Amino acid sequence: MEFLRRSLLKRHEERHESQQYLSNRQEQKAMRRAGSYWLPALLFCDSSTTSRIAMPARLHFAAQLPMMLIVRLSLQRRMTQTRNHNNKGFTLVEVMISLITFAVLTLIFAATVPLAKKTAHMNGQYAQAISLCQHKIDQLRAVGYGRINYTELSDAGIIDDNPTTPPFSFNEVDQVEEYLPQPNATLNVESLGADKLRITAAITWRTTTYGTKTSTASLTAIITNVE
């Protein structure tokens, strides 16, 4: 009987200690989550809630309380700054700078468009002039060395009737005016010695309709007597 009584008493004490330990742990967690208790109250309060907490636990929590308060204040300040930053709009200076930048870029783009169009038009004219010169040199090569003179070339429709001496003209026979504004197409034949001729086809035209600027394209070829 004595052994049974001691066993029951020991089991009752262990259960009581376990319940007290769990209760203390729950109260410590609740107080840590609160984060707003006053330090003297934690250390010296004798209420029914805090009186059961051991003094070492109170001191440990009191040592952690300043850091908890600092972290909490830091988080609140960061959340406030983030909220204010998200609600911040554009200032008048920022709007004015954006408008000025947009206007400058628009003017630059508007100025480059006509220049690019003019450059493309000039390149097209130059390519057309080179094509006409190459066509004229190919015609002379087809005629041959022995027939390169005014009479033969005029009868073949390669050069105009006038002038009759080099440099010859091919404005009318090739209708160069249909491709280039105010053209002057010439064909020069120059002897380089025995059985060798240098042919130069050149075209000069006015770049703009109402301007005085001109451009020139020319090609040179050597034709020899292969007989």
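I began with helix α4: its 52 residues should span 76 Å at 1.5 Å a residue, and its end C-alpha atoms are 78 Å apart, which agrees. The expected span is 1.5 Å times one less than the number of residues. Helices here are DSSP runs of H or I with at least four residues, strands are runs of E with at least two, and both are numbered from the N terminus.

I noted the ground rules next. This is a predicted model, where local features need pLDDT of at least 70 and side-chain atom pairs count only at pLDDT 80 or more, while totals for chains, interfaces and linings use all residues. Residues are numbered from 1 along each chain as its sequence is written, and side-chain values use heavy atoms, with hydrogens and water left out.

**Entry: helix α4**

Which residues of α4 are buried? I listed Q125, A129, L132, C133, K136, I137, L140 and V143. Buried means under 20% relative accessible area, exposed means over 50%, and partly exposed lies in between (1.4 Å probe, protein chains only). An α-helix has 3.6 residues a turn, so residues three or four places apart point the same way. What do the buried residues of α4 pack against? They pack against α5, β2, β3 and β4.

I then looked at V95, which lies in α4, residues 92-143. V95 is partly exposed, because its relative accessible area is 37%.

Just after α4, I found G144 with a positive phi of about 105 degrees.

Helix α5 covers residues 150-155 and holds S154. Is S154 buried or exposed? S154 is buried, because its relative accessible area is 17%. Neighbours within four places in sequence aside, S154 is in contact with I159 and D161. Contact means heavy atoms within 4.5 Å.

The loop between α5 and β1 holds P163. P167 is also placed in the loop between α5 and β1. I checked the peptide bonds there. The bond from N162 to P163 is cis, with omega near 0 degrees. The bond from P166 to P167 is cis too, with omega near 0 degrees. Most residues other than glycine have a negative phi, and most peptide bonds are trans.

**Entry: the sheet**

What is the order of the strands? The open sheet of four strands runs β1-β2-β3-β4, with antiparallel pairing. β1 (168-169) and β4 stand at the edges with a single partner strand each, so one side of each has no neighbour in the sheet. Two strands pair if DSSP finds at least two bridges between them. Strands of a sheet pair through backbone hydrogen bonds, either parallel or antiparallel.

I went through the pairs in turn. β1 and β2 pair over two bridges. S169 has T186 in β2 as its bridge partner. T186 also stands opposite A202 in β3.

Eight bridges join β2 (residues 184-191) to β3 (residues 196-206). Among the facing residues, N184 stands opposite T204, and N188 has T200 as its bridge partner. T200 also stands opposite T220 in β4. How many bridges join β3 to β4? Eleven bridges join β3 to β4 (residues 214-224), and these strands run antiparallel.

**Entry: turns between strands**

The loop between β1 and β2 holds Q182. Its phi is near 50 degrees, a positive value in a residue other than glycine.

The hairpin of β2 and β3 has four residues between the strands, and G193 takes a positive phi near 120 degrees there. D195 is found in the loop between β2 and β3. Phi of D195 is near 60 degrees, again positive in a residue other than glycine. D195 counts as partly exposed because its relative accessibility is 39%.
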